[in-house]
Amino acid sequence: MSYRMIGRFLGKIILIETVFMVPALVISMCNAEFGAVRAFVITIVVTLLAGGILTGITRGTKEGFRAREGLVCVGISWMVLGLFGALPFFLSGSIPNYIDALFEIVSGFTTTGASILPEVESLPYGILYWRSFSHWLGGMGVLVFLLAVTTGDERSKGFTMHLLRAESPGPKVGKLVPRMKETAEILYLMYILLTVLNIVFLLIGRMPVFDAVCTAFGTAGTGGFGVKNDSIAGYSPYIQNVCTVFMLFFGVNFSCYYMLLLRQVKNVFKDEELRTYLGIVLGSIVLIMINLRGYYSSFGEALRHVAFQVASIVTTTGFATTDFDLWPSFSKSIMLCLMLLGACAGSTGGGFKCGRALLIIKGLRKSVRQIIHPARVGVIRVNDRVTDEKVMENTNAYLAAYALMIVVSFLLISVDGFSITTNLSAVISCVNNIGPGLEAVGPTCNFSGFSMFSKLVLIMDMLAGRLEIFPILILFSRSTWKNR
């Protein structure tokens, strides 16, 4: 295990987090929020010292960096981000309990959007900004950002792919261009461009600048933290429709946007995962609209709310314009299925991913055909390409780990005495980085009622869900820490 290399990256990650706290500090200073200013100053000093010390003692390290170190580095980095990122909430008094503050910021960085706060409009602007910006930073991934902004050298060759694979969502992670640094740069440039476009369209709808920026951060990262107590419900239908469209945009695999830049339009529309994603969205909207006949005053209002909530849940954003927990059981069941499914691989959305679901279904079909025709040799094709058996093995392993994590977490938090629906939807919400669940954790409620133990379980669920389980899982394996 290359501890010095891991320490080197942890130091860089902490220093990057320090830099990103500066705008929040400036906003607090401009609004004379002295408690928040003090909290950010203390946090910045602490993180500068911690990052500087780690960077200093690991300078010049030439140790190797393999897949194991990549997974460990990503897992620990995200934990450290949460531990330091929670300090402004705690020190400012906005969230007096540190575990609650940790829950809130981990929910932010993992783009979950689950909150322990009963109301947010009384929070200082600097704290609100930091809370929303955590979505944007976590959406594409902080280590992907590190790869994009740092200068590559001889020592960096060989581990950049391990980092990207460990942090990026999906059954298979590849390069857009031959060099990983350029791939990371392209990803972040597209991410920034879409975010800016989102802000512009929100401003056209006369949304206040601060609200537009924070809402765009939550939409881009598919996170869902709002700056209003009613989430997006109080804004105009135009703004709600803009959010619906951009949530769906950020749920698409970013490689599709890269193909559009290369004018490979036909390849985009041939993408099986994209077609599956859009088909599920449209099908869910139609079915819920049929089930909600007469529930809203007009067809247009019903379509607006249903499209928004379907987009919000399938992309795991978690914004809300209406309380879907009051919908009929059939509609809520569809929403629960969308929570499990999630968006496309290679997007900022969470969940199991449409790409994995597609592979599982095709693998099941192949197994059934082989039972009927044992001598037949079948292959699984996605986008006219044969899927490697290694990818299928990883997908099946992920499915097993995914199901096991949901079951174990559900049992652990059940000691708090909430209903089965509340506990199950809370776990599904956190593992899939969605935000709202059903009943006591529904769109108009929060997670504050859970015990400290349950919150710690859900914090680990959020981290595991964002990092595709394995970077967190291997941290608890004894063999991970043995030198070979």
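1. **Basis.** This is a predicted model: local features need pLDDT of at least 70, side-chain atom pairs count only at pLDDT 80 or more, and totals for chains, interfaces and linings use all residues. Residues are numbered from 1 along each chain as its sequence is written, and side-chain values use heavy atoms, with hydrogens and water left out.

2. **Fold.** The chain has 21 helices and 2 strands. Helices (H or I, at least four residues) and strands (E, at least two) are DSSP runs, numbered from the N terminus. The radius of gyration is 22 Å, close to the 23 Å that the globule rule gives for 484 residues, so the chain is as compact as a globular protein of that length. That radius is taken over C-alpha atoms, and the rule is 2.2 Å times the number of residues to the power 0.38. Along the principal axes, the C-alpha atoms fill a box of roughly 60 × 60 × 50 Å.

3. **Burial and contacts.** Of the 484 residues, 57% count as buried. Buried means under 20% relative accessible area, exposed over 50%, and partly exposed in between (1.4 Å probe, protein chains only). Take the contacts between residues at least 6 apart in sequence: 72% of them join residues at least 24 apart. Contact means heavy atoms within 4.5 Å.

4. **Surface and charge.** The chain exposes about 20300 Å², and carbon and sulfur atoms supply 66% of that area. Accessible areas come from the Shrake-Rupley method with a 1.4 Å probe; for residues, only the protein chains shown count as cover. There are 40 positive and 29 negative side chains. The centres of the two sets lie 10 Å apart. Lys and Arg count as positive and Asp and Glu as negative; His and the chain ends are not counted. Each charge is placed at NZ of Lys, CZ of Arg, CG of Asp or CD of Glu.

5. **Aromatic pairs.** A search of the whole structure finds 27 aromatic pairs. One of them is F90 with Y98, an edge-to-face pair at 5.8 Å centre to centre, with 85° between the planes. F90 is partly exposed at 32% relative accessible area. Y98 is partly exposed too, at 24%. For F201 and F246, the ring centres are 5.9 Å apart and the planes stand at 50°, so this pair is tilted. The pair links distant parts of the chain: F201 sits in helix α9 (residues 180–204) and F246 in helix α11 (residues 237–250), 45 residues apart. F201 is partly exposed at 38%, whereas F246 is buried at 6%. Rings of Phe, Tyr and Trp (its six-membered ring) pair if their centres lie within 6.5 Å; planes under 30 degrees apart count as stacked, over 60 as edge-to-face and the rest as tilted.

6. **Ring cluster.** Ring pairs also link a set of residues into a cluster. Its members are F20, Y129, F133, W136, Y188, Y191, F217, F250, F254 and Y257.

7. **P88.** This proline lies in helix α4 (residues 87–91). P88 is buried, at 0% relative accessibility. Neighbours within four places in sequence aside, P88 contacts M21, A39, F40, T43, I127 and W130. D230 is 142 residues from P88 in sequence and 24 Å away in space, C-alpha to C-alpha.

8. **S454.** Helix α20 (residues 452–466) holds S454. S454 is buried, with a relative accessible area of 0%. Residues up to four places away in sequence are not counted here; beyond them, S454 touches I413 and D416.

9. **L326.** The loop between α15 (299–314) and α16 (329–341) contains L326. L326 counts as exposed, at 58% relative accessibility. Its C-alpha atom is 10.0 Å from that of P443, a residue 117 places apart from L326 along the chain.

10. **Positive phi.** R263 has a positive phi of about 60° although it is not a glycine. R263 lies in the loop between α12 (254–261) and α13 (265–270), and counts as exposed at 75% relative accessibility. E439 is not a glycine either, and has a positive phi of about 55°. E439 belongs to the loop between α19 (420–431) and α20. E439 is partly exposed, with a relative accessible area of 37%.
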